[in-house]
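Dear colleague,

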Amino acid sequence: MTTESTFIPLDAIRKPPLPNPENAPTEDIREHLFELEDAGELIVQRVPEPYIEVMTKYGRMKKIPLEKTWHHKSCGQCGHIPGYSTSIFWLNRQFGMSYEDPTDQTSCTAWNYYASATSNAVAQAGVASRNFAAAYATGYYPMIHCGTSYGHYKETRAELVHHPELRRKVRDIMEKLDKPLVVPEEIVHYSEWIHVMRDKIAERQTRDFSSITASIHPACHYYKLVTEDAIYDPDIYGGQRTATVTGLVEAVGATVGDYSTFFDCCGFGFRHILVQRDFSRSFATQRKIEIMKEEANPDVVITHDTGCVTTLDKSQFAVKAHQRNVGIPVMSDAQFAALAMGAHPYRVVQLHWHATDYTALLEKMGIDWEAAWAEFESDLKRIESGEIEYLSWEDADA
Amino acid sequence: MSTMAPPMPFTADPGATLAPNSYPEVPYEDKLSLWEEVKADDRFPDYLYGCYECGICVAACPSAKYYDFSPRKIAQAAAREDVELIYEQMNDDVWNCSQCFSCNRCPRENSPGGLITLLREVSVRHGLATAKEALEGYGRVVYKIMTTGTQISPDMLQPDAFPDWGPDVKKTSDNLDLWRRALPPETLHTTETSWQVSQETLIELYLIWLHSDVMDMIEEADEGLHMIILDVMEETLEDAGYEV
């Protein structure tokens, strides 16, 4: 065997050729959507300008709107980790992007569906279509905060396209609600917005993250459900893993701490995190946190979904009592980006809702967390005394 | 979306022989009928194309690492239409799945996780005792999502519900109303729902539940819960002028 015959061009491994969408193993669902629109079956809501086009897994381009977005909030984020949602809104406000924070929105209800199966395809598509129609009525474009909502809506979109009987049933329901059947041209996750905004976020960065090592956990329902819609970039992991989250972490100058169980889920389990948490806790700590600690020893875990932040963060307390090798704070890419741009760790990022100790991380970011907490406590006193009813956006940036 | 007649009634009764896993034994025809209902779902053909037995789904599966559970067995039983094994899985294995869809990595393009969604759905629709058992303690979540439109509310953060999440849960619970008012987005000043949902939106959600057979499923799974949810929905809809 000669040296020549065994030579593997390293460039081919480091940077494989761009995928050709002509060779994509899956259909482009958007083409079917437009055909159905031409046939009068549904309305396709177009991505408003300005938008940025980015490459998805098989080389197709996806439009990510920059503003005029209708924020489809997440149950778990708003309920238990509200600094997540607050940071997404704060980022939009910092860039002067117009957006809607609607009350005419329900949960996608997919957490419950994947947990209990107490629903069905018609109901799930009905809930999705009602939310899409509510967004369409405002002229703003759906921006999905939750990874599960994003994945489930992509599944639902495919079902609506391929099953005429389902479409008929859902259209009947929508007629009872006096709403049209609308499907967005692209299903867009907020982390895709952060991904396309990452260089602008870095331009506005006020804190130095060069000493921070972050391990990334990609959300299963972002890139494993209807895989072809997730963003991939040849310059990030050679295009072999989804680029969202990692792109931001690199853009703000932090080091990505890689680890061998990157592709594992967090252990959320949908029903498990609520009624069978021993599984979630074991998986989150033994397969994710401890592996990260051993292999990368990061300062923080950054992820982009409700369940992942919850499971990875909350699971660490109980196992710490067993002297396990844990203790890494967890937050979303939105919170990380907001901190990079100078957001207040409590007024905006609301880290007091998180469980794992984050104070060493804040110190490494140059944040005096004790002074910041004292400021937040003074806000609380103003609310308690009746001086102000709520903390305003202006207060948050004071 | 089944077009099949429901396989009723089950012949099992409290005195019937229990299988080793404590689920009631039923005639083969009943098991077959359940399986036919799974197959009749429009989504079924997209979830099963055969099985190489390569085990990639098992390697990717979080539940397989901690339970006696295998997504490969789910796909194989379905591909072979092993009705006895499928019935056993409907009563046990399916509730161990994490629904993360890591198994979608299948080179044959199967979705064992998707199959499990269908198997669970049929289990609930027919009120299998094991489905009821799996959903024990989960009723409050179903109630919350169906009646308020958001699943996770801030007031669920109670120390007795989440003792393993540490002492901060109590701190959050003790300060809940104050901390919620210290959130800049106006829609988040809520404690009983994740965000503020308008009454008109809620009415539309109730109409979706009523027109999509979900209430029938809830009735099979938990009659008491069904009555409570229906009461809330009927009161709201009647107040808004709807005839229920």
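In this predicted model, strand E8 of chain A, which covers residues 213–217, is mostly covered, since four of its five residues are buried. On one hand, E8(A) pairs in the parallel sense with strand E9 of chain A, residues 255–256, over two bridges, and within that pairing Ala214(A) has Val256(A) as its bridge partner in E9(A). On the other hand, E8(A) also runs parallel to strand E10 of chain A, residues 300–303, to which four bridges join it, and here the bridge partner of Ser215(A) is Val301(A).

Glu49(A) and Pro50(A) are joined by a cis peptide bond, with omega at about 0°, and Pro50(A) itself lies in the loop that runs between strand E1 (43–45) and strand E2 (51–55) of chain A.

Two residues have a positive phi although neither is a glycine: Lys68(A), at about 55°, and Asn297(A), at about 40°. Lys68(A) sits in the loop between strand E3 (61–65) and strand E4 (69–72) of chain A, and it counts as partly exposed because it has 19 C-beta neighbours inside 10 Å, whereas a buried residue would need 20 or more. Asn297(A) is found in the loop between helix H14 (277–295) and E10 of chain A, and Asn297(A) is likewise partly exposed, because 13 other C-beta atoms lie within 10 Å, while a residue with 12 or fewer would be called exposed.

With best wishes

Note on methods:
Residues are numbered from 1 along each chain as its sequence is written. Chains are lettered from A and ligands numbered from 1 in the order in which they are written. This is a predicted model: local features need pLDDT of at least 70, side-chain atom pairs count only at pLDDT 80 or more; totals for chains, interfaces and linings use all residues. Two strands pair if DSSP finds at least two bridges between them.
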